[in-house]
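Biologist: I would like to go through this model one feature at a time. Please give the rule for each feature and then the case.

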Amino acid sequence: MGAESSVWFSRLLTELTLSFHIIYATIGVGVPLMIMLAQWVGIRNGDEHYILLARRWTRGFVITVAVGVVTGTAIGLQLSLLWPNFMELAGNVIALPLFMETFAFFFEAIFLGIYMYTWDRFKNPKKHLLLLVPVAIGASFSAIFITIVNAFMNAPQGFDVVDGQLVNVNPLVAMFNPAMPTKVAHVLATAYMTSAFVLAAIAAYRLLKGSHHVYHKKALLLTMKLGLIFSIASAIIGDFSGKYLAQYQPEKLAAAEWHFETEKNASLIMYGVLADGEVKYEIRIPYALSILAHNNPKAEVIGLDQFAKEDIPPLYIHYLFDIMVTIGVGLLFLSLLFVIGTWRGWRFVAAGWFRRLIVLGGPLAIFAIEAGWWMAEVGRQPWILRGIMRTEDAATTSTHVDTMLLLFAALYLILAIGSITVLTRMFRHNPVERELADRGGEHR
Amino acid sequence: MTLEVIGISVLWVFLFGYIMVASIDFGAGFFNAYSTLTGRAHVLAKVIQRYLSPVWEVTNVFLVFFFVGIVGFFPKVASYYGTVLLVPASLALILLAIRGSYYAFVTYGGLRGKRYTLLYGLSGLLIPASLSIVLTISEGGFVSRQNGALVLDYAALFTSPLTWSIVVLSLTAVLYISAVFLTWYAREARDSRAEALLRRYALLWAGPAILTAAGIMVELRAHNPGHYARMLEVWWLFALSLLLFGRSVYLIWKKRQYGTAFLLLAGQFFLAFFGYGLSHYPYLLYPYLTIYDSFTSETMGIALIIAFIAGLCLLIPSLYLLFRLFLFDPDYLQGKRDNHA
């Protein structure tokens, strides 16, 4: 195995690890907020159902956290193992947020342990609720810090390059790079959104399976409301991200939109197929790309013709962009219909087909997260540090990456099977009806 | 004190923290497996579970903190160790991942099985062995440059007596540290059967732990005479460490003050670990890399130290709370409260 295949296998292994990790990480960022809200609603309204909801979510959450922690440890170390030259260069500039991420993680880990083992321990339930605040904050802040690192890779700044050496390093300028606000906001909003739809899917699934308990109805309404709020937020921030790309990373936007020629009044291409340089079966929305890029239907949008061939990312990212946007908008309307329908008493929102759509919404939301990350990351190729270091110059020279790829693939398969088995067993063996009866007997 | 020295001291302290908490964790897994084999699982399981459940995640963070910190303070470490350690570190990662998730699956998910308990116990011993390889490599002699790329000589590494001495040391130390801590914990939990069994383990492993530690000195004398000479310069640190060791074994033997015995043990390992690190100074990877030629820019160094101090202001009170609730709360320890979600 030569150096070239080392690069290829390193990319594959990093992609595999991250794709697997973000499923658990996204849930890890969003679910603590949901647990906190449910427990808060329960305490405020004196409603035992919401408190049980928080409790059951927490139990499932620990399993996802465990897998998130171990795969997060893997990617943390793989950065240095697979991309040693990148870490050596970037470490000089971006070590601060990486370091702060571990503190956020530490903070979260400590309080999650305390929260888990102090149910019913305090006389005042609000005290127990307060323990969840650092968990939710820690989870969100580790997402913020790690996204800052990724934003830096897209828009490196905060240093000067003199004779191949990095000088005049300013860690704060590196952290607050132009890509950072939209990236961080989009990651947070979509993580909350995805977690809400995953939890909604569970509630809808129980209702479909014949449980008519009011507990599941409350869970569904709460999560769909939160899903609606965060999908609106995600869409708005997504629009800002488009404007960021137009200004700072036009090659990524142009590749994602198949925008070949620089032009004014640019139209947006949705769907379609690219064959031999020809776009077929697409839907063209006139002026939409100019609006997305500059908020002005007549504005000029830079096309791929402005870039050297070796600097253009792969064009298949257009499909990923379509998947992400379609799922995002679809979930927005699904939750909007549900919330308005429940409020106005429309009957179809309780129909089987509508609930099946909600069940489908959970995995689709996760798929949108994957597609969005693949688009963002592949759209940065051929750079690992845009404009500074190419991916092939960053990878390890070790010749064992292919074997490690197989080992880690086996590991993730085991973790996936294990976590799914454990999660389904946990809830199948202890349905909410039984737990409510048990607790009812216990407490009053 | 220069920024480099502050940086490496901070990391050394965190590495020490990881070694202590991880040893307790790994050793607990092994004792649990061993007692399952000998049909005494019921004696230990409760005590071990009660301690590990709220803290297993924290243990992992110590490790993450160390490797993120070392690449942050000393970015060149990534390019030297990153290339060389791909295989051993990946194996350690896979073991850690299986172990960590398996623990959560069992504790919270009710996935049980004797076979898994045994695997879990064994993996806990393989992890320190695979991680301790780093210490061997840092002594030099196993890494060479070929066509501009760093290559690890596996044959030399696996045939070197130094490697195996360090592996054996890591194993005996893990079992000794863990047994002493759990003896103390079992007494606090008023679980006299677990206490008696763990005390036996503690006494059993005390001898091998100290013998292998001394063995390392002998190996180093042949492998890296410079390092050995500098170790002799700080001989008093090791002598002090030995004294603490003697005192803590005495206390355990006499069944007195297990808390103090564990603190003495912590001091013993801290002094030995500090002496080892001090004599290794200034090399990170002998003879290629010193802490001076790999240190990050001054601004980043200062920023990291500020972040570190701010982080500690959050961490120390939180860790204190964690300990107060689960290590020093009699009701929790004695299992009178099970407030698990």
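Modeller: Start with one residue and its contacts, a contact being heavy atoms within 4.5 Å. Ile23(A) is in contact with Ile366(A) and Glu370(A), leaving aside its neighbours within four places in sequence. This is a predicted model, where local features need pLDDT of at least 70 and side-chain atom pairs count only at pLDDT 80 or more, while totals for chains, interfaces and linings use all residues. Residues are numbered from 1 along each chain as its sequence is written, chains are lettered from A and ligands numbered from 1 in the order in which they are written, and side-chain values use heavy atoms, with hydrogens and water left out.

Biologist: How far apart are Ile23(A) and Ile366(A) in sequence and in space?

Modeller: They are 343 residues apart in sequence, with a C-alpha to C-alpha distance of 6.6 Å. Ile23(A) belongs to helix H1 (residues 3-45) of chain A; helices (H or I, at least four residues) and strands (E, at least two) are DSSP runs, numbered from the N terminus. For accessibility, buried means under 20% relative accessible area, exposed over 50%, and partly exposed in between (1.4 Å probe, protein chains only). Ile23(A) has 26% relative accessibility and therefore counts as partly exposed.

Biologist: Which residues does Phe367(A) touch, not counting those up to four places away in sequence?

Modeller: Phe367(A) touches Ile323(A), Ile327(A) and Trp374(A) on that count. Phe367(A) is part of helix H11 (residues 352-378) of chain A and is partly exposed at 38% relative accessibility. Its C-alpha atom is separated by 8.9 Å from that of Ile23(A), 344 residues apart along the chain.

Biologist: Now the charged pairs. How many salt bridges does the structure hold over all chains?

Modeller: Side chains of opposite charge can pair when their charged atoms come close. The rule for a salt bridge is a side-chain nitrogen of Lys or Arg within 4 Å of a carboxyl oxygen of Asp or Glu. Over all chains the structure holds seven. One of them joins Asp239(A) and Lys243(A), with the closest N and O atoms 3.0 Å apart. These two residues are four residues apart in helix H7 (residues 214-248) of chain A, so about one helical turn separates them. Asp239(A) is partly exposed at 28% relative accessible area, whereas Lys243(A) is buried at 15%.

Biologist: Are Arg380(A) and Glu377(A) buried or exposed?

Modeller: Both are buried. Arg380(A) forms a salt bridge with Glu377(A), and the closest N and O atoms are 2.3 Å apart. In chain B, Arg187(B) forms a salt bridge with Glu195(B) at 3.2 Å between the closest N and O atoms. There, Arg187(B) is partly exposed with a relative accessible area of 30%, and Glu195(B) is buried at 14%.

Biologist: How should I read the interface?

Modeller: The size of an interface is often given as the accessible area lost when the parts come together. Buried area here is the accessible area (1.4 Å probe) that two parts lose on being put together, summed over both. Between chain B and chain A it is about 6100 Å², and carbon and sulfur atoms give 78% of that. Helix H2 (41-73), helix H3 (76-84), helix H4 (86-109) and helix H13 (298-326) of chain B each supply at least two residues of the side of chain B that touches chain A. The largest share of that side, 17 residues, comes from H4(B). The contact takes 69 residues from chain B and 64 residues from chain A.

Biologist: What is the count of salt bridges between chain B and chain A?

Modeller: That count is zero.

Biologist: What about aromatic pairs?

Modeller: Rings of Phe, Tyr and Trp (its six-membered ring) pair if their centres lie within 6.5 Å; planes under 30 degrees apart count as stacked, over 60 as edge-to-face and the rest as tilted. The structure holds 46 such pairs over all chains. For Phe99(A) and Phe73(B), the ring centres are 6.1 Å apart and the planes lie at 85°, so the pair is edge-to-face. Phe99(A) lies in helix H3 (residues 84-116) of chain A and Phe73(B) in helix H2 of chain B, so this pair joins two chains. Phe99(A) is buried at 1% relative accessibility, and Phe73(B) is buried at 0%.
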